[in-house]
Amino acid sequence: MSDSPFSGRIALVTGGSRGIGRACVERLARGGADVAINYRSNDAAAAEAVEAVKQLGRRAIAVRADVSQADAVTTMIATVERDLGPIDLLVNNAGVFDYAPHTEMTLDVWQRTLNINLTGLFLVTWGVKDGMIARNFGRIVNMASISALQPRPLSIAYSASKAGVVGFTRSIASAFAAHNIRVNAVAPGLIETEILEGVSQQAIDKIVDATPMKRIGQPDEVAALVQFLLSDESSFMTGQTLVTCGGRVMVP
Ligand code: NAP
């Protein structure tokens, strides 16, 4: 891969202030992109991510917006385009996790999870797609999960939302391909981030035991795949979901 695969490009990473999104932000900046970092509420983490990009010599802004709110998304995209320029590279990463038995699963949990993990991804994509079509260039990576591919009795809304991400990715990849817009997804297994706060150590140990590589993953191991899918190294790929999970799931 060239040293600057994203030179001259503008990127938006939703949920870019922490965890996997933050690792994607740094890979994009190292690759030469200017980066807009979306987040929901943690101003300090977003400011740190902006500083990290500036240290790498690229422009960066933080944009606070809940991706599940249509008006907030419209304002966010207008802000990015005004401050950095038209968006070429989109990482739809922002997401929340639900972890509870079905007896505690409520309509509220279902709606919150689907609104952020799936409707949010639709709203942000719809906010950028017309510009990408007009410029005949776009690269989109959506954050799925291996929960889309296996039963998850303790994460029913989450696994449904991530299966939706895989289907959405395939459909829009097909719809947008004629406009030089490639759309792919990444499906990570367990990755060490703050999203796991509600999950017991015992549950994590059980997952590690069921993983051939006997460990959980690091955010940068996911960001490496995102970088690949955004770059020309994956020039003949669209509509695909790449799994990174230490062998816990093997597809096809
Ligand atoms: P994380 O460490 O909890 O970070 C979540 C990020 O998303 C933060 O920047 C957060 O901003 C932002 N965010 C949350 N809700 C948002 C909303 N409604 N609007 C805008 N931003 C929002 O999570 P992560 O583990 O890096 O997960 C990132 C993505 O990877 C998610 O889609 C997740 O489902 C997926 N994933 C994670 C794992 C894993 O094991 N970690 C595995 C598979 C897939 P604030 O800090 O301001 O709240």
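Me: Quick check before we start: a crossing counts as right-handed if the near helix is turned clockwise from the far one by less than a right angle, and left-handed if anticlockwise. Which is it for H3 and H4?

Reply: Right-handed for H3 and H4. Keep in mind that this is a predicted model.

Me: OK. At what angle do H3 and H4 pack, and how far apart are the axes?

Reply: The angle is about 40 degrees, and the axes are 10 Å apart. H3 covers residues 70-83 and H4 covers residues 107-135. Angles under 35 degrees would count as roughly parallel and 65 to 115 as roughly perpendicular, so H3 and H4 are oblique to each other.

Me: Which residues meet there?

Reply: From H3 you have Ala70, Val73, Met76 and Ile77, and they meet Leu123, Val124, Gly127 and Val128 of H4. By class, that contact has 7 nonpolar residues, 1 polar and no charged ones.

Me: Now H1 and H7. At what angle do they cross?

Reply: Roughly 50 degrees, with the axes of H1 (residues 19-30) and H7 (residues 219-230) coming within 8 Å. That makes H1 oblique to H7. H1 also passes H7 in a right-handed crossing.

Me: And which residues of H1 and H7 meet?

Reply: On H1 they are Gly19, Ile20, Ala23, Cys24, Arg27 and Leu28. On H7 they are Pro219, Asp220, Val222, Ala223, Ala224, Val226, Gln227 and Leu230.

Me: Switching to strands. How many residues of S5 are buried?

Reply: 6 of the 6 in S5 (residues 138-143), so the strand is largely enclosed by the rest of the structure. Both faces are covered: Gly138, Ile140 and Asn142 are buried on one side, and Arg139, Val141 and Met143 on the other.

Me: What's the sense of its pairing with S4?

Reply: Parallel, over 4 bridges, with S4 being residues 89-92. Leu89 is opposite Arg139 of S5.

Me: Last one, Ala157. Where is it, and is it buried or exposed?

Reply: Ala157 lies in helix H5, residues 156-176. Its relative accessible area is 0%, and buried means under 20%, so Ala157 is buried.

Me: Which residues touch Ala157, leaving aside neighbours within four places in sequence?

Reply: Asp98, Met105, Val109, Trp110, Thr113 and Leu114 are in contact with Ala157. Asp98 is 59 residues away along the chain, with 6.8 Å between its C-alpha atom and that of Ala157.

Technical notes: Residues numbered from 1 in each chain as written. Predicted model: local features only at pLDDT ≥ 70, side-chain atom pairs only at ≥ 80, totals over all residues. Heavy atoms only, no water. Axes fitted to C-alpha atoms, helices over the stretch in contact; angles between N-to-C directions. Helix = DSSP H or I, 4+ residues; strand = E, 2+ residues; numbered from the N terminus. Parallel < 35°, antiparallel > 145°, perpendicular 65-115°, else oblique. Contact = heavy atoms within 4.5 Å. Buried < 20%, exposed > 50% of the residue type's maximum accessible area, 1.4 Å probe, protein only. Pairing = 2+ DSSP bridges. Nonpolar A, V, L, I, M, F, W, Y, C, P; charged D, E, K, R; others polar.
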